[in-house]
2 protein chains.
Amino acid sequence: MSEPQPLILVVDDELPIRRFLRATLQDDYRTVEAGTGAEALSLARQYNPDAVLLDLGLPDLDGLEVVSKLRTWTAAPIVVVSARGREADKIAALDGGADDYLTKPFGAGELLARLRVALRHAARLPDAQEVFEFGDIRIDLLFRNVTRAGEPVHLTPHEYKLLVTLVQHAGKVVTHNLLLKQVWGPGASGQTHYLRVYMAQLRAKLEVDSARPRFLITEPGVGYRLRT
Amino acid sequence: MSEPQPLILVVDDELPIRRFLRATLQDDYRTVEAGTGAEALSLARQYNPDAVLLDLGLPDLDGLEVVSKLRTWTAAPIVVVSARGREADKIAALDGGADDYLTKPFGAGELLARLRVALRHAARLPDAQEVFEFGDIRIDLLFRNVTRAGEPVHLTPHEYKLLVTLVQHAGKVVTHNLLLKQVWGPGASGQTHYLRVYMAQLRAKLEVDSARPRFLITEPGVGYRLRT
DNA sequence: CCCGATCCTGACGCCTTCTTGAGGACTTGA
DNA sequence: TCAAGTCCTCAAGAAGGCGTCAGGATCGGG
């Protein structure tokens with residue numbers, strides 16, 4: 001059985017360019033096309049593409065916003081295509097979560113090669129798990145849902161990010177600095193007090209006895225760990 | 001335990017460019033430099049860098065050959081930097097195993113951003129399992145877990161660092177000064193009493209008979225050794 | 001503009017960990 | 001046998017990390 005062709009979400013508001021991209025990709029990939037940022041986000045949810053080809057110049061949303069919105073729930077590679085060639089634009093996009101940045105005009109061959117690189121990277125990743133369960137806790141990364149014994153648990157943004165970071169390293173010790181960087185961004189290094197406060201809140205919401213946690217384990221002097 | 005700066009192998013035969021790259025990288029990374037392909041391969045083996053920055057125009061080997069040779073044994077990201085901007089060159093390099101391709105001239109900011117992308121990808125790859133076992137003791141460096149006969153053993157930060165240092169030189173004698181430097185940092189030189197106290201604690205937690213240690217061996221006047 | 005949710009910050013007590021010291025055992029060589 | 005150096009053990013006080021709580025600042029939606 002041959003593998004199905006990867007699915008690429010193509011996002012561009014100009015029809016001629018979409019046509020060019022479609023023609024370029026059609027031999028090796030299946031494509032889905034969106035003309036606006038909102039449409040892109042909706043189709044991405046719907047089709048869960050293997051990669052996204054994204055033009056930054058969209059009529060409704062800023063391209064960077066699309067990138068960061070996508071990044072909240074998917075690790076699929078995003079290749080940005082843009083007429084803007086300024087270095088600051090490239091840096092913003094790449095640091096914002098894009099995996100590559102191509103400046104128009106570019107050759108079809110280079111686009112395909114860079115797309116192959118992106119898909120190569122994605123293929124090496126372990127399948128991104130979307131649902132985690134431990135005890136009576138259930139975490140759905142796709143829908144940003146957390147339930148305990150079936151009951152929905154409301155988490156604030158920081159609490160949720162903290163939990164996700166722990167979940168993504170399930171079983172391993174996650175150092176204070178890594179947690180701080182993931183949740184509060186770089187520059188929060190050393191503010192371990194944040195972690196104490198938010199871990200306490202997470203425990204209050206998820207643990208039976210927050211004084212004797214079963215899952216959210218403290219590793220003194222090092223960090224925290226999610227026991228599976 | 002703070003995370004060390006990533007190590008970048010910089011390969012370019014022109015000294016001024018190497019200097020430029022070094023200056024660009026020096027705030028965020030440690031660098032190793034090579035001027036030829038052969039040197040690059042040898043240094044890569046020796047240092048196992050987190051990423052490689054490679055100029056294709058080398059005096060001895062073809063740049064593509066360096067890429068494919070590296071790819072036979074390492075998955076570290078390779079960012080190609082080249083004066084050749086022809087599309088065919090880019091395609092060949094990217095399909096040959098490079099992860100990105102920058103055409104000179106390029107901005108320092110873009111280089112750094114693309115390097116961050118490359119390292120971000122590498123960080124998501126599954127880590128190599130690092131487990132050491134001797135007797136009924138099992139040490140998992142990745143999970144920071146220590147078990148004895150299957151039962152988890154709780155170690156304080158200093159105890160754990162001390163054990164890790166010994167494990168990393170398993171079988172060999174580790175001098176007092178090296179242990180002190182690794183665990184207590186520079187400036188603790190001469191405080192061998194620390195070692196006595198902490199070795200005693202380790203033995204109490206890991207050995208059957210701490211008076212007759214099977215693994216944590218004293219080398220009088222020199223240091224300690226982990227017998228395997 | 002107001003209100004609620006969320007985030008930051010500080011204070012406090014508890015507990016673990018680290019440091020330091022003292023005493024005794026062992027080894028080695030004179 | 002003695003002396004000197006090195007090592008082990010035990011314990012107590014100091015230091016620092018952690019959990020908890022609550023007040024006030026800040027943010028965002030209505």
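Reply: A residue counts as near a strand when one of its heavy atoms lies within 4 Å of that strand. The model is a predicted one, and every value below is computed from it.

With that cut-off, 18 residues are found around DNA strand C. A:His154, A:Thr156, A:His158, B:His154 and B:His158 come nearest to DNA strand C. Of the atoms of DNA strand C that come within 4 Å of the protein, 66% belong to sugar and phosphate.

The side chain of B:His154 has a polar atom 2.6 Å from a phosphate oxygen of DNA strand C. For B:Thr156, an N or O atom of the side chain is 2.7 Å from a phosphate oxygen of DNA strand C. B:His193 faces a base: an N or O atom in the side chain of B:His193 is 3.1 Å from a base oxygen of DNA strand C. In terms of elements, two or more residues of this surface come from each of α6 (157–168) and α8 of chain A, and from each of α6 (157–168) and α8 of chain B. By class, the surface near DNA strand C has 10 nonpolar and eight polar residues, and no charged ones.

Next comes DNA strand D, which is surrounded by 19 residues. The closest to DNA strand D are A:Arg203, A:Thr218, A:Tyr224, B:Thr218 and B:Gly221. Sugar or phosphate holds 69% of the atoms of DNA strand D within 4 Å of the protein, and bases hold the rest.

Here too, individual distances to phosphate can be given. From the side chain of B:Thr218, an N or O atom is 2.7 Å from a phosphate oxygen of DNA strand D. B:Arg203 places a polar side-chain atom 2.8 Å from a phosphate oxygen of DNA strand D. On chain A, the side chain of A:Arg196 has an N or O atom 3.4 Å from a phosphate oxygen of DNA strand D.

The contact between the two chains is the next topic. It takes in 37 residues of chain A and 32 residues of chain B. The size of an interface is often given as the accessible area lost when the parts come together. For chain A and chain B that area is about 2,900 Å², and carbon and sulfur atoms give 48% of it. A:Arg114, A:Arg124 and A:Lys172 supply 17% of the area that chain A buries against chain B, more than any other three residues.

On chain A, at least two residues each come from α4 (87–95), β5 (100–103), α5 (108–124), β10 (173–175) and α7 (176–184). Helix α5(A) gives the most to this side, with 10 residues. The side of chain A that touches chain B has 15 nonpolar, eight polar and 14 charged residues.

A:Asp89 lies in helix α4 of chain A. Its relative accessible area is 12%, so A:Asp89 is buried. Neighbours within four places in sequence aside, A:Asp89 is in contact with A:Arg84 and A:Tyr101.

A:Leu25 sits in helix α1 (residues 15–25) of chain A. A:Leu25 counts as buried because its relative accessibility is 0%. Not counting residues up to four places away in sequence, A:Leu25 touches A:Ile8, A:Val10, A:Thr31, A:Leu53, A:Leu112 and A:Leu115. Between A:Leu25 and A:Ala200 there are 175 residues of separation in sequence and 50 Å in space, C-alpha to C-alpha.

In chain B, helix α2 (residues 37–47) has B:Gly37, B:Ala40, B:Leu41, B:Leu43 and B:Ala44 buried. These buried residues of α2(B) pack against β1 (7–11), β2 (30–34) and α3 (63–71) of chain B. Just after α2(B), B:Asn48 has a positive phi of about 50°.

Definitions and conventions. Residues numbered from 1 in each chain as written. Chains lettered and ligands numbered in written order. Predicted model: local features only at pLDDT ≥ 70, side-chain atom pairs only at ≥ 80, totals over all residues. Heavy atoms only, no water. Contact = heavy atoms within 4.5 Å. Buried area = accessible area lost by both parts, 1.4 Å probe. Helix = DSSP H or I, 4+ residues; strand = E, 2+ residues; numbered from the N terminus. Nonpolar A, V, L, I, M, F, W, Y, C, P; charged D, E, K, R; others polar. Polar contact = N/O pair within 3.5 Å; in protein donor to acceptor, adjacent residues only side chain to side chain. Buried < 20%, exposed > 50% of the residue type's maximum accessible area, 1.4 Å probe, protein only.
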